[in-house]
Amino acid sequence: DTIERWIRQGKLPVSRKGLTYRFKAAELKKWAIKNNIRIQLSDGNKLEKREDKPVSLAEAVQSGGVHHDIQGTDVSTVLEIAVSKIDTVPESNKSELLNQLLEREAALSTGIGNGFAVPHPRQPQTYLEKPMVAVCFLADPVDYKALDNRPVSVLFFILCPDLKVHLQLLSAISFCLKDSSFATFLAERPGPSALISKIEDLQNQNPI
């Protein structure tokens, strides 16, 4: 959707023949540099290899980071502040990412119950070099319109360059949250090292 909008607005260097749009790699790279946008061009074989490579939840959390004391009294505010904290998302992409997250929440809340939510955009974040899960602990619980109507205290942002890995990480998060000891552990608001270590322990017991 973003690319189509940029094409209509004349922001992208593209030529059209019939229903086919063509991009020249050299021009696209120059455009990206000029607009401070990070892109990674690769051939189909490289993309296929990237998709086939399994990514563990521990690795994804290592990439996305663990963030504490996220302020806000409503969903839109906590999402905005949380996105601003995720350093691995380029500044030039944060506004668009926030809009995508808000659109997703407007369609259906990602609050899955027991005080947890898994915010994620519907669109793949192709500017990312690898999948990531950013764990955010809210300063105060927020009404997230969750399935069980309980306020949410912990967000697991899932940000991936492709859909296949997104589903894999969503499954891994669901597996961990079903473990009562893990849920209790999250209530202690652990730091990055402790959280990643706990996830690794769960993965070693039952690979996810």
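The following legends describe close-up views of a predicted model of one protein chain.

The structure is a predicted model, in which local features need pLDDT of at least 70 and side-chain atom pairs count only at pLDDT 80 or more, whereas totals for chains, interfaces and linings use all residues. Residues are numbered from 1 along each chain as its sequence is written, and side-chain values use heavy atoms, with hydrogens and water left out.

**Figure 1. Overview of the protein chain.** Of its 208 residues, 41% count as buried. Buried denotes under 20% relative accessible area, exposed over 50%, and partly exposed in between, with a 1.4 Å probe and protein chains only. The accessible surface comes to about 12,000 Å², and 50% of it belongs to carbon and sulfur atoms; accessible areas come from the Shrake-Rupley method with a 1.4 Å probe, and for residues only the protein chains shown count as cover. Among contacts between residues at least 6 apart in sequence, 64% join residues at least 24 apart, where contact means heavy atoms within 4.5 Å.

**Figure 2. The five-stranded open sheet.** The strands follow the order β3-β6-β7-β5-β4, and the pairing is mixed; two strands pair if DSSP finds at least two bridges between them. The edge strands, β3 and β4 (111-113), each pair on one side only. Strands β3 and β6 are parallel and share three bridges, with I70 partnered by L138 of β6. Between β6 and β7 the sense is antiparallel, with seven bridges; V142 lies opposite V152 of β7, and M132 lies opposite L159 of β7. Strand β5 (residues 116-117) runs parallel to β7 over two bridges, and A117 faces L155 of β7. Two bridges also connect β4 with β5 in the antiparallel sense, G111 standing opposite A117 of β5. Eight of the 11 residues of β6 are buried. In β7 seven of eight residues are buried, so this strand is largely enclosed by the rest of the structure.

**Figure 3. Helix α5 and its buried face.** In α5 (residues 75-85), the buried residues are V75, V78, L79, A82 and V83. Seen down the helix axis, these residues fall within an arc of 130 degrees, so they line one face of α5; the arc is that of the directions from the helix axis to the C-beta atoms. They pack against β3 (66-70), α6 (91-107), β6 (132-142) and β7 (152-159). The loop between β3 and α5 contains T73, which is exposed, with a relative accessible area of 73%. T73 and D140 are 67 residues apart along the chain, and their C-alpha atoms are separated by 7.5 Å.

**Figure 4. Helix α6 and its cover.** The 17 residues of α6 should span 24 Å at 1.5 Å a residue, which agrees with the 25 Å between its end C-alpha atoms; the expected span is 1.5 Å times one less than the number of residues. Its buried residues are N93, K94, L97, L98, Q100, L101, R104 and E105. The elements covering them include α1 (2-8), α5 and β7.

**Figure 5. The nonpolar cores.** A nonpolar core is a set of buried Ala, Val, Leu, Ile, Met, Phe, Trp, Tyr and Cys residues joined through side-chain atoms within 4.5 Å. The largest has 28 residues, of which L57, V61, V133, V135, F156, F182 and L195 touch the most other members. Two or more residues of this core come from each of α4 (57-64), β6, β7, α7 (163-177), α8 (180-186) and α9 (192-205). The greatest contribution, six residues, is that of α7. Leaving aside neighbours within four places in sequence, V133 is in contact with L57, A60, V61, G64, G65, F156, F157, L169 and I173. Apart from this core lies another, of 24 residues, including L98, L128, L138 and V142.

**Figure 6. The surroundings of S63.** S63 belongs to helix α4 and is buried, with a relative accessible area of 13%. Leaving aside neighbours within four places in sequence, its contacts are T88, K130, P131 and M132.

How values were computed. Helices (H or I, at least four residues) and strands (E, at least two) are DSSP runs, numbered from the N terminus.
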